[in-house]
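Keep the structure open while you read, and click along as residues come up.

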Amino acid sequence: MISVSEVTVAYGDLVAVADVSFEVPPGFVLAVSGPSGAGKSSLLWAIAGAVPVKSGQVEVDGRVITDRPRAAAHGVVLIPQGNGLARVLTARENLSMPLLADRKPTEEVDRVIEEALTSVGLLDSGDHLVEELSGGEQQRVAVARGIAQQGRVILADESTSELDSSNRERVLDLLRTQADRGAAVVIATHDPTVAEAADGHALMDEGRLTWVRRL
Ligand SMILES: Nc1ncnc2c1ncn2[C@@H]1O[C@H](COP(=O)(O)OP(=O)(O)OP(=O)(O)O)[C@@H](O)[C@H]1O
């Protein structure tokens with residue numbers, strides 16, 4: 001369960017997220033859309049502990065999110081806009097890093113990576129350097145890395161923006177499967193078809209959140 005309570009995020013005088021509150025229970029997918037600069041990424045970063053909140057509080061399953069390392073340890077997975085991959089490592093190496101940091105056994109890491117790369121249709125590209133992959137392929141590697149972590153919370157920031165329609169469907173199905181196994185999922189998106197596929201849809205504008213379709 002993600003609980004966002006009266007959260008404000010500011011960069012100096014610029015208020016990016018203004019007094020936002022909502023909850024996402026396990027098993028649900030929330031889409032957040034809105035114009036560029038509306039504060040969607042900042043909201044996701046706040047949930048991920050990647051940016052401090054000026055006021056208010058984010059809780060995941062009752063634990064207050066204070067910083068990124070503790071959020072990550074508590075299963076808050078961020079699939080960042082721009083993918084956040086190491087370009088000079090292979091796809092497989094990128095997937096392995098958070099899993100090995102989590103001290104998972106090597107055989108399990110190998111199995112999870114195979115499954116995740118297969119699920120995004122990139123098993124044959126596992127040993128390619130990220131910089132050799134197309135933009136859409138890199139985006140799918142980032143999604144594979146996110147879902148491989150089996151988080152309690154998955155925050156997908158524009159994770160379908162470079163995908164054709166069949167790969168977009170594939171990624172939406174994967175995020176839905178994550179919700180079905182009990183994750184709370186938030187997707188920031190400009191794509192109306194992604195918003196329609198979610199259980200709830202909120203709109204951000206100048207940091208404020210309003211509901212288009214409540215969860
Ligand atoms: N690190 C930062 N320092 C200062 N200002 C920032 C920082 N990150 C974001 N901002 C500003 O905060 C506001 C919200 O940005 P944010 O990236 O959260 O919006 P967004 O809705 O995700 O936009 P987009 O759809 O273009 O990704 C913008 O005005 C942006 O310029």
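## The chain as a whole

Of the 215 residues in the chain, 45% are buried. Please keep in mind that this is a predicted model.

How does the radius of gyration of the chain fit that of a compact globule? For 215 residues a compact globule would have a radius of gyration near 17 Å, and the chain, with 16 Å, agrees with this. Taken along the principal axes, the C-alpha atoms fill a box of roughly 45 × 35 × 35 Å. Among contacts between residues at least 6 apart in sequence, 67% join residues at least 24 apart.

The UniProt record, an unreviewed entry, carries the annotation "domain: ABC transporter" for residues 2-215. That span is 36% helix and 28% strand, and its end C-alpha atoms lie 12 Å apart.

## Around the ligand

Which residues surround the ligand? They are Tyr11, Leu14, Ala16, Gly34, Ser36, Gly37, Ala38, Gly39, Lys40, Ser41, Ser42 and Gln81. Two elements give two or more residues to this shell, namely strand 2 (14-24) and helix 1 (40-48). Helix 1 gives the most, with three residues. Sorted by class, the shell has four nonpolar, seven polar and one charged residues.

Nine of its nine residues are buried, which leaves the helix mostly covered. The buried residues are Lys40, Ser41, Ser42, Leu43, Leu44, Trp45, Ala46, Ile47 and Ala48. Helix 1 is followed by glycine 49, which has a positive phi near 75°.

Further along, in the loop between helix 1 and strand 4, you will find valine 51. Apart from neighbours within four places in sequence, valine 51 is in contact with Val9, Ser42, Trp45 and Ala46. Is valine 51 buried or partly exposed? Valine 51 counts as partly exposed because 19 other C-beta atoms lie within 10 Å, whereas a buried residue needs 20 or more. Valine 51 and glycine 146 are 95 residues apart in sequence, and their C-alpha atoms are 19 Å apart in space.

## The nonpolar core

The largest nonpolar core has 67 residues. Those with the most contacts inside this core are Ile47, Ala144, Val153, Leu155, Leu175, Val186 and Ile187. One of these, Ile47, is also among the buried residues of helix 1.

What does isoleucine 187 touch, leaving out residues up to four places away in sequence? Its partners are Val29, Ala31, Ala156, Ser159, Leu175, Val194 and Ala198. Leu175 is itself one of the residues with the most contacts inside the largest core.

Serine 3 lies in strand 1 (residues 2-11). Serine 3 is buried because 20 other C-beta atoms lie within 10 Å, and the cut-off for a buried residue is 20 or more. Setting aside neighbours within four places in sequence, serine 3 is in contact with Glu23 and Glu59. Serine 3 and serine 159 are 156 residues apart in sequence and 22 Å apart in space, C-alpha to C-alpha.

Glutamine 57 belongs to strand 4 (residues 55-60). With 15 C-beta neighbours inside 10 Å, glutamine 57 counts as partly exposed. Beyond residues up to four places away in sequence, glutamine 57 touches Ser5 and Val64. Where does valine 7 sit relative to glutamine 57? The two are 50 residues apart in sequence, yet their C-alpha atoms are 5.8 Å apart in space.

Asparagine 83 is found in the loop between strand 6 (76-79) and helix 3 (91-101). This asparagine is buried, since 22 other C-beta atoms lie within 10 Å of asparagine 83. Glutamine 150 is in the loop between helix 5 (135-148) and strand 7 (153-157). Glutamine 150 has 17 other C-beta atoms within 10 Å, so this residue is partly exposed.

Terms used
Residues numbered from 1 in each chain as written. Predicted model: local features only at pLDDT ≥ 70, side-chain atom pairs only at ≥ 80, totals over all residues. Near = placed C-beta within 6 Å. Helix = DSSP H or I, 4+ residues; strand = E, 2+ residues; numbered from the N terminus. Nonpolar A, V, L, I, M, F, W, Y, C, P; charged D, E, K, R; others polar. Core = buried A, V, L, I, M, F, W, Y, C linked by C-beta atoms within 7 Å. Buried ≥ 20, exposed ≤ 12 C-beta atoms within 10 Å, placed from the backbone. Contact = placed C-beta atoms within 7 Å. Rg over C-alpha atoms; globule rule 2.2 N^0.38 Å. UniProt positions renumbered as here; feature names shortened; annotations may be inferred.
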